[in-house]
Amino acid sequence: MPELPEVEVVRRGLESHVLQRPIAHVEVLHERPVRRHLAGPEDFADVLTGRTFVAARRRGKYLWLALDDPAQGDAMLVHLGMSGQMLVQTPDAPAERHLRVRFDLGDGSELRFVDQRMFGGLAVSVGGAIVPPEIAHIALDPLDSAFDDETFVAKVRRSASGIKRILLNQTVVSGVGNIYADEGLWRARIHGERPGSALTRPQVRLLLEEVRAVMTSALAQGGTSFDALYVNVNGESGYFDRSLDAYGQEGRACARCGTAIRRVAFMNRSSYFCPHCQPAPRRRRT
DNA sequence: GTATGTACCTGTTTGC
DNA sequence: TGCAAACAGGTACATA
């Protein structure tokens, strides 16, 4: 499940494998992944054919491949969703079961967007000065050197929402998904349902540091992966899942205190936490 | 403006 | 054995 470290691994792979090769042909095999390209699949293919990717950039979980003539600020925007992959293959490699879009790079290599669940997608973005306008609302991520810790701390402490919900809000901080939210909260010993406004400044700072630490560690190991749903641009799986302390660990002993990790329903998904290290707030929120 | 809930998707696993 | 429900979850959008 791609979060920031996985997306960064993909960005690096794209940077070294798809730049400076004019796109000879684009084939859209399923229209849903280009649904955010409002002019439609044919236009998507038409406007990209003949162009060249010149840079691979990222903000949070969004990627974009800048197109030639950088003065125009055009780019192909990419989101991997839950199951998206960017693969570089030879054109004669057999089509993946969930192959959605293919880009013939004309040099004997092919960029492929493969996505089982199709939460992800591609779109051509026009005229972005610094970032594509479609993602201007996405906050910086904690690994960005321009990320302002104190602004984040202030935003958290102004909000009555549960801290996990705030962590997942990409307009407050980007790149954090369900896995790293649970891991960061476990490391900081904070229950995800505690209101942001109930946390002290040092607690929020600690949480931010722990989220950073777990992401940095995951990045060093090539991203997290639980199954074949996530592979990087070379098709290699990450293996950070062996290092998880909370996420997916229901019933296992907490690495700090030995209490069984619990799972609770949260926003149509799951939250994992240690009931001893991360006591729930007294007044339960729903 | 802020907070919360849900649709969108498909393959696998679980339960009856 | 067969079918239905649950589950995985990031984002945009609807609703309160």
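Reader: How many residues surround DNA strand C, and which are the closest?

Author: Please keep in mind that this is a predicted model. DNA strand C is surrounded by 19 residues, and the closest are Y62, H79, M82, F119 and Y247. Of the atoms of DNA strand C that come within 4 Å of the protein, 60% belong to sugar and phosphate.

Reader: Which classes of residue make up the surface near DNA strand C, and which strand gives the most to that surface?

Author: The surface near DNA strand C has 6 nonpolar, 7 polar and 6 charged residues. Strand β10, residues 269-273, gives the most to that surface, with 3 residues.

Reader: Where do I look for polar approaches to a phosphate oxygen of DNA strand C, and what separates a side-chain approach from a backbone one?

Author: Look at which atom of the residue takes part. In the case of N178, a backbone N or O atom lies 3.3 Å from a phosphate oxygen of DNA strand C.

Reader: How is chain A divided into domains, and what distance separates their centres?

Author: The domain assignment gives domain 1 as residues 4-135 and domain 2 as residues 149-273 of chain A. Taken over C-alpha atoms, the centres of domain 1 and domain 2 are separated by 28 Å.

Reader: What span should helix α6 have, and what do its end C-alpha atoms give?

Author: The helix α6 runs over residues 201-220, so at 1.5 Å a residue its 20 residues should span 28 Å, and the 29 Å between its end C-alpha atoms agrees with that.

Reader: Which residues of α6 are buried, and what do they pack against?

Author: The general idea comes before the list. An α-helix has 3.6 residues a turn, so residues three or four places apart point the same way. In α6 the buried residues are V204, L207, L208, E210, V211, R212, V214, M215, A218 and L219. The buried residues of α6 pack against α1 (4-17), α3 (149-158), α4 (163-168) and α5 (178-188).

Reader: Is R58 buried or exposed, and what does its side chain reach?

Author: The cut-off for calling a residue buried is under 20% relative accessible area. R58, which lies in strand β2 (residues 53-59), has a relative accessible area of 19% and is therefore buried. The side chain of R58 reaches the backbone oxygen of G60 at 3.1 Å, and a polar contact of 3.0 Å joins the side chains of R58 and D141. Leaving aside neighbours within four places in sequence, R58 is in contact with L4, V7, E8, R11, L63, W64 and D141.

Reader: Where is S109 found, and is it buried or exposed?

Author: S109 is found in the loop between β6 (99-104) and β7 (110-115), and with a relative accessible area of 13% it is buried. The side chain of S109 makes a polar contact of 2.6 Å with the side chain of D107. Once its neighbours within four places in sequence are left aside, S109 is in contact with R21, V88, Q89, P91, F103 and D104.

Reader: What is the place of P2, and is P2 buried or exposed?

Author: P2 has its place in the segment before α1, and P2 is buried, with a relative accessible area of 8%. The C-alpha atoms of P2 and I166 are separated by 19 Å, with the two residues 164 residues apart along the chain.

How values were computed
Residues are numbered from 1 along each chain as its sequence is written. Chains are lettered from A and ligands numbered from 1 in the order in which they are written. This is a predicted model: local features need pLDDT of at least 70, side-chain atom pairs count only at pLDDT 80 or more; totals for chains, interfaces and linings use all residues. Side-chain values use heavy atoms; hydrogens and water are left out. Helices (H or I, at least four residues) and strands (E, at least two) are DSSP runs, numbered from the N terminus. The expected span of a helix is 1.5 Å times one less than its number of residues. Buried means under 20% relative accessible area, exposed over 50%, partly exposed in between (1.4 Å probe, protein chains only). Contact means heavy atoms within 4.5 Å. A residue is near a molecule or strand if one of its heavy atoms lies within 4 Å of it. A polar contact is a pair of N or O atoms within 3.5 Å; within protein, one must be able to donate a hydrogen and the other to accept it, and residues adjacent in sequence count only if both atoms are side-chain atoms. Ala, Val, Leu, Ile, Met, Phe, Trp, Tyr, Cys and Pro count as nonpolar, Asp, Glu, Lys and Arg as charged, and the others, Gly among them, as polar. Domain bounds come from an automatic or database domain assignment.
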